[in-house]
Structures are given as C-alpha cells and as structure tokens.
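Trainee: I would like to learn how to read a structure, feature by feature. Can we go through one together?

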Amino acid sequence: MRYAQGGGLTDAGRAARERIRLEAVTRFEAGGKNREIAAVLRVSERSVERWRRQWREQGPDGLLSKGSPGRPRLSKSQVARLERALERGPLAHGWEDQRWTLARVKTLIGRMFHISYTVEGTWRLLRRHGWSWQQPARRALERDEGAVEFVEEGGMAAGKSTAAARNAWILFEDEASQSLRPPRARTWGRVGVTPVVSVRGRGSGRVSMAGMACFKKGQRSRFLYSFRVHRGRKGEPKAFAWQDYRDLILRAHRQLGGPVVLVWDNLRAHVMPQMKAFVAANADWLTTFQLPSYAPDLNPQEGIWSLVKRAIANLAAADLDQLARAVRRNLKKIQYRPHLVDGCLAGAGLTLDA
C-alpha cells in the first residue's frame, strides 16, 4: 500500500484496497476458504474473516470503502463561517489574550458546530485551508475599524475622483525617525548560540524624516522627502513643525507641476489652525483628506519607511553622522526606483483606478 506523508492512504492506495476487497467478495461467492483467500490476496486471515462477516451481514456493499477517516467533516460553508470567526480574534470569543492555539480553535469548532475534533485534526484542518503558526503584527486598540472599513471599501474614491477631475497628483504623507539603535533583522548563527549585534549604548539624537509618495495615472511615481538630524542640543527642534510640512507641500507642488490631492493622518501639525489656513488659501491647487486614526497600513508611505529601515537593519553606526548618511543614501535609492514606490501603493491595498 502507498501512504501519504501524514500517515493516511493515498488515492492510489485506497483504490488498491478496494480492488482487493472486491476480489475477496468474488471468492466468497465462489465458496473459497478463508485461508486460501488470504494466501492468494496476500493479506492476513483475520482480515478475510472480518470481510466475510461484513459480506454476510451487509452484502457486497458492506466491503466498499467508507472514505478516508482523515477527510474534513466540516462543509465548505462551515469552514467559511469558522474562518470568519477566527478573523474576529480570540477576544471576541471570550479569551483574555489574542492567541489562537489549536486547543482554542478546537473548542471554538465544538461551540459553533457541535463537532469534536482532536488537536491533530484541528492542525490538519487549519493547514488544509491556508492557516499557519505566525508571529502577529501589532495594532492599536484605539483604531476605528468602521472608519478603516469605509476607506478600504470606497472612502478613498472621493480623493481619486477629485484627483481625476483636477488632473492632480495624489500624495500620501507620513513621518518617521531612527535613533542609533538600529532595527533588528534575522541573521545566520550557530545553532544554540544567539547572534549578537553590537550597537551604541550611549549617545543621544536621531534622524527625522518626512516623506511623500506621489502617484498619478500615466506618470512615473515619485518620492519626495525632508530630512533633519537632531543631535540633542539645547533649543534644537526635535520634530518637524507645521512650517516644515508647508514647505514640503510647496516643493511637491513646484516639482510635480500640477494640482495636489494630499492624504495624511491626524498629526497635530497637520490640523493646526495655521496649516488649515494655508490649505484654505491654496484651495485652487491643494486638497487634503484625512486618514483614520491608528491606520498606518492604509498609507503607502509606511511601506517606504519599512524599506528604509530594512536596509539599515543591524547597522552598527559609529555616530549619528554615519547613521544619517546611511539613511539618506537609502532614501535617494528609493527616489530612483519608482517600482518600489508602486509596490508600496499595492501593499496598502490601494489602486489609482477611480
């Protein structure tokens, strides 16, 4: 017999077993002895005795295969319901933390469908339908899922329609910073010995960035940014002020050479009275839209920051100047690779189609 990797019979193995049983039925009807049938079919005599008993009680149909015991007992519609329940998270089903374990999924199946699965069967069910054991990303509890769903299901269409009507560029703005302690990335190491990345334990200051991912249908995507090194000196500004964002918007308007539809979050500098007055005074070429709070996954600019920080992962910078050079170099690289900017738009689940 041929067995699958998980221990069950393959389709070919089940077909071979079916042929052996049908041959046994033929020999039963011909009056063959159990020992003779077992020798011809190369099976145990006890199996032949069991088959004969099933044949007498249920007829030939009693020996037909009932199917693999490993086949799923949940229908397609039930699996779809289970997946929707799992996507709501463990909190929605009464657990205190947000870990889906096999035992919890098994319990949930029992609650929903009154069907008992083993832990191993639950693992096979999840794997069969594309689920795996993963390290989750973090998301703020304050996030307004209703507002996010509105944007994902068409709320962004207003911005696209405005851009199409005014032949404007769509700009996604966001800001980020990086200290001397670099992001960690996976690296090869000897089994049982955790790799160690040397970083500066002392030193203040950081690199601040404000960037805009710029898109227009039929045009090459652009990436614009402002850059500032904060060294921790007395009186030195730690973050961008509203005037810095104003200057970045003006530079984008000048370089892109057309109207601008700006999409950004609710950062305090974005909603200050001075910024609102600037937007109102330039309404002939500038339109702004606010993203929902705590929804960075809707902003393609977040993908660009991810690319930058991935490039400097495990960087043991000697000082702030070396860090600034590395960050600026990677920002410049992205400017010359519009396909990366396009990929960040797709990664946010957005398109330029109205």
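Predicted model: local features only at pLDDT ≥ 70, side-chain atom pairs only at ≥ 80, totals over all residues.

Trainee: Is Arg 42 buried or exposed?

Mentor: Start with the cut-offs. Buried means under 20% relative accessible area, exposed means over 50%, and partly exposed lies in between (1.4 Å probe, protein chains only). Arg 42 has a relative accessible area of 77%, so Arg 42 is exposed. Its backbone is worth a look too: phi is positive, about 60°, although Arg 42 is not a glycine. Arg 42 lies in the loop between α2 (34–41) and α3 (45–58).

Trainee: What should I know about the model and its numbering?

Mentor: Residues are numbered from 1 along each chain as its sequence is written.

Trainee: Which other residue has a positive phi of about 55° although it is not a glycine?

Mentor: That is His 114. His 114 sits in the loop between α5 (102–113) and α6 (119–128). His 114 counts as exposed because its relative accessibility is 71%.

Trainee: How many helices and strands are in the protein chain?

Mentor: Helices (H or I, at least four residues) and strands (E, at least two) are DSSP runs, numbered from the N terminus. The protein chain has 13 helices and 5 strands. Of its 354 residues, 36% count as buried.

Trainee: In which sense do β2 and β3 pair?

Mentor: Two strands pair if DSSP finds at least two bridges between them. Strand β2 (residues 206–215) and strand β3 (residues 222–230) pair in the antiparallel sense, over 9 bridges. One example: Val 207 has Val 229 in β3 as its bridge partner. The two strands form a hairpin with 6 residues between them. In the turn, Gly 218 has a positive phi of about 85°.

Trainee: Which residues have the most contacts inside the largest nonpolar core?

Mentor: A nonpolar core is a set of buried Ala, Val, Leu, Ile, Met, Phe, Trp, Tyr and Cys residues joined through side-chain atoms within 4.5 Å. The largest one here has 35 residues. Those with the most contacts inside it are Met 209, Phe 223, Phe 227, Leu 323, Val 327 and Leu 331. Elements giving two or more residues to this core include β1 (169–178), β2, β3 and α12 (320–335). The largest share, 7 residues, comes from α12. Apart from this core lies another, of 23 residues, among them Tyr 245, Ile 249, Leu 256 and Phe 278.

Trainee: What does Phe 227 touch?

Mentor: Contact means heavy atoms within 4.5 Å. Not counting residues up to four places away in sequence, Phe 227 touches residues including Val 207, Met 209, Phe 240, Val 327 and Leu 331.

Trainee: How many aromatic pairs does the structure hold?

Mentor: A pair of aromatic rings is described by the distance of the centres and the angle of the planes. Rings of Phe, Tyr and Trp (its six-membered ring) pair if their centres lie within 6.5 Å; planes under 30 degrees apart count as stacked, over 60 as edge-to-face and the rest as tilted. The structure holds 6 such pairs. One of them joins Phe 172 and Phe 215, edge-to-face, at 6.0 Å centre to centre and 70° between the planes. Phe 172 lies in strand β1 and Phe 215 in strand β2, so the pair ties together parts that are 43 residues apart in sequence. Phe 172 counts as buried at 3% relative accessibility, and Phe 215 counts as buried at 1%.

Trainee: How many salt bridges does a search of the whole structure find?

Mentor: Side chains of opposite charge can pair when their charged atoms come close. A salt bridge is a side-chain nitrogen of Lys or Arg within 4 Å of a carboxyl oxygen of Asp or Glu. The search finds 4. In one, Asp 321 pairs with Arg 231, the closest N and O atoms being 2.7 Å apart. This pair links distant parts of the chain: Asp 321 is in helix α12, Arg 231 is in the loop between β3 and α9, and they are 90 residues apart. Asp 321 is partly exposed, at 33% relative accessible area. Arg 231 is partly exposed as well, at 31%.

Technical notes. Heavy atoms only, no water.
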